[in-house]
Amino acid sequence: MSTGTYALNAGHARPAYRQMRQAVSIAQKIDDPELLGRFRVPVLFAHLVRGAIRRGLEVLDASGQSWRKGPVHMDTFMSRGFRTLLLATADRIDEAVEELEAVIAFTEAAQVPISWMYANHAEMQLQQGRLENARASAERAVETARSFGSPAFDELATRALAQAVSYTHLRAHETSLH
């Protein structure tokens, strides 16, 4: 797992995926699902960058449920938030939104708002047709990203806001709102 994580950090997606698959195979053979749970973010990310979304979810769904069930807490909120991206990509949008809303509620209560979560929440809401909520999430994403100061997160948040505004505007043209 460590070699796969290192390869991911170096931008080598194929070797990272191969290493993660090998590590997953070993963990499954020795029947240690919690090992996979401890390395859940690199396992998810390696599968995401290789386009093996469903396989990544299957691996982690078999890794025990302690990190992904029950109340969200400081040790699980990032990986649970990241998992929602894979769920949405795997056409499990309702499950993704429900989980992401629980994660966002935790981050707000803990006062650790995460801009990419708001941005992805906005995009997921657009997929569900919840236009009125998407814009508010996107605006929160922009506010949070700009307070954090990361150009990458600002770009993600700004894209989400542009999509929310565009969809809202298009919807207004389709109805008597315009």
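**Helix H8**

I looked at how covered H8 is, and I found it mostly covered, with 12 of its 14 residues buried. Buried here means under 20% relative accessible area, exposed means over 50%, and partly exposed lies in between (1.4 Å probe, protein chains only). A helix is a DSSP run of H or I with at least four residues, a strand is a run of E with at least two, and both are numbered from the N terminus.

I noted that this is a predicted model, where local features need pLDDT of at least 70, side-chain atom pairs count only at pLDDT 80 or more, and totals for chains, interfaces and linings use all residues. I also kept in mind that residues are numbered from 1 along each chain as its sequence is written, and that side-chain values use heavy atoms, with hydrogens and water left out.

Next I checked the length of H8. Its 14 residues reach 20 Å from the first C-alpha to the last, close to the 20 Å expected at 1.5 Å a residue. The expected span is 1.5 Å times one less than the number of residues.

Then I listed buried residues in H8, among them Trp 116, Met 117, Tyr 118, His 121 and Leu 126.

**Gln 125**

I picked out Gln 125, which sits in H8 (residues 115–128). Is Gln 125 buried or exposed? It counts as buried because its relative accessibility is 2%.

Which residues does Gln 125 touch, not counting those up to four places away in sequence? I found Glu 101, Arg 130, Asn 133, Ala 134 and Ser 137. A contact means heavy atoms within 4.5 Å.

**Helix H4**

I turned to H4 (residues 40–49), where the buried residues include Pro 42, Val 43, Leu 44 and His 47. Just after H4, I saw Gly 51 with a positive phi of about 80 degrees.

**The whole protein**

I stepped back and counted 10 helices and 0 strands. Of the 178 residues of the protein, 44% count as buried.

For the overall form, I read that the C-alpha trace spans about 60 × 35 × 30 Å along its principal axes.

Last, I looked at contacts between residues at least 6 apart in sequence, and 57% of them join residues at least 24 apart.
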